[in-house]
Structure formats: structure tokens, C-alpha cells
Amino acid sequence: MQRILFVCLGNICRSPTAEAVTRAKAPHLQLDSAGTAGYHVGDPPYGPMQQAARGRGYDLSPLRARQFTADDFDNFDVIIAMDAENADDIEALRPTHSPTPVVLFTDHIGQDGTAVPDPYYTRDFNGCLDLIEACADGLIAGLTR
Ligand code: 4NP
């Protein structure tokens, strides 16, 4: 069983969308998401993000934000960050000797060093969905290869 954790900053836009999109494409995977910051703990995904996702058939409404913790290194097989800042903030909490890989979501479409731009600031919710759908396809293809 692959346990995969998606992580962004607030856990109300990118990572819950990555979780829901990947779940729709690969229901057998064990998926969760979290934010490096605690601003939105307990909140549902951001309204405009939910609306754009619903337009493509993804229901984000049951999800609630939580903050990433060091325990997540033990509870998941891989941690997938939406951007390099998220990855740095995750690495800062890595327990000594934890081997759990932290990778960027965009690595799965062969775009090293790029990121999923934050639609909370860009307001490009559909562009965010386009990129997340492509990254989820790449991730799943990599798992089944
Ligand atoms: P996310 O977007 O990291 O994709 O969930 C954000 C949502 C809210 C905030 C930052 C990023 N915020 O600062 O409130």
C-alpha cells in the first residue's frame, strides 16, 4: 500500500486538490494532505478552489485542513510538496534518520525545479487544476511502472 501525503502552505487550495484529483484517478492509494502553516486548521478547502474543482467533477467539500507534523514522516511512504518553500519547511521537521522521500509534485511531469503556483495569490484556479491533473497522471504512471 502506498501512503502519499500532499503538502502545500495553507492546505486549502493546492494540496487538498492534489489529494482529491489523485484519489479520483487512483482510488486504491492511501492519500492525505496537510499545510506547513496552521492558519486554516479545521477549515474546508477555499471556496473558489472548491468551485473550480467541482466544475471538473472533484468534490473537495469533505476535506478539512490540518498542519503538517514531524509524525507525518513515519506515517507516509512519500511526501509530495507543491513548491520548494513547502519542501524546505517539511525538511526542517525531518526526524533524525527518517528515510521518507520529500519530492516536488511537478517532478512527476519531468519539470525539475518548477512548482505548482499558489492560486490563492494567482487566482488561476483552472490553471492550477490543469497542472495538478497532469502531475497526478505522472505520479500514478510512475507508481505502476
Ligand atoms: P495553499 O494556498 O497553500 O495552496 O492552500 C494558500 C491558502 C491560504 C494562504 C496561503 C496559501 N494564506 O496565507 O492564508
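Modeller: Arg14, Asp83 and Asp118 are joined in a network of salt bridges. The model is a predicted one, and 10 salt bridges are found in it. As background, side chains of opposite charge can pair when their charged atoms come close.

Two members of the network, Arg14 and Asp118, also belong to the residues that surround the ligand. Asp118 places a polar side-chain atom 2.9 Å from an oxygen atom of the ligand. The protein covers 93% of the 360 Å² of accessible area that the ligand has on its own. Backbone atoms take part as well: a backbone N or O atom of Cys13 lies 2.9 Å from a ligand oxygen atom, and for Asn11 the corresponding distance is 3.2 Å. The residues around the ligand include Cys8, Leu9, Gly10 and Ile12, along with Tyr39, His40, Tyr120 and Tyr121. Sorted by class, this shell has 7 nonpolar, 3 polar and 2 charged residues.

Arg23 pairs with Glu19, and their closest N and O atoms are 2.9 Å apart. Both residues sit in helix H1, which spans residues 14-25, and because they are 4 residues apart there, about one helical turn separates them. The two partners can be described by their accessibility. Glu19 counts as buried because its relative accessibility is 4%, and the cut-off for buried is under 20%. Arg23 has a relative accessibility of 32%, so it counts as partly exposed.

Lys25 is partly exposed, with a relative accessible area of 34%. Asp137 is partly exposed too, at 41%.

One further pair is Arg94 and Glu91, whose side chains meet in a salt bridge with an N to O distance of 2.7 Å. Arg94 has a relative accessible area of 26% and is therefore partly exposed. Glu91, with 34%, is also partly exposed.

Key
Residues numbered from 1 in each chain as written. Predicted model: local features only at pLDDT ≥ 70, side-chain atom pairs only at ≥ 80, totals over all residues. Heavy atoms only, no water. Salt bridge = Lys/Arg side-chain N within 4 Å of Asp/Glu carboxyl O. Helix = DSSP H or I, 4+ residues; strand = E, 2+ residues; numbered from the N terminus. Buried < 20%, exposed > 50% of the residue type's maximum accessible area, 1.4 Å probe, protein only. Near = heavy atom within 4 Å. Polar contact = N/O pair within 3.5 Å; in protein donor to acceptor, adjacent residues only side chain to side chain. Areas by Shrake-Rupley, 256 points an atom, 1.4 Å probe, with all protein chains shown as cover. Nonpolar A, V, L, I, M, F, W, Y, C, P; charged D, E, K, R; others polar.
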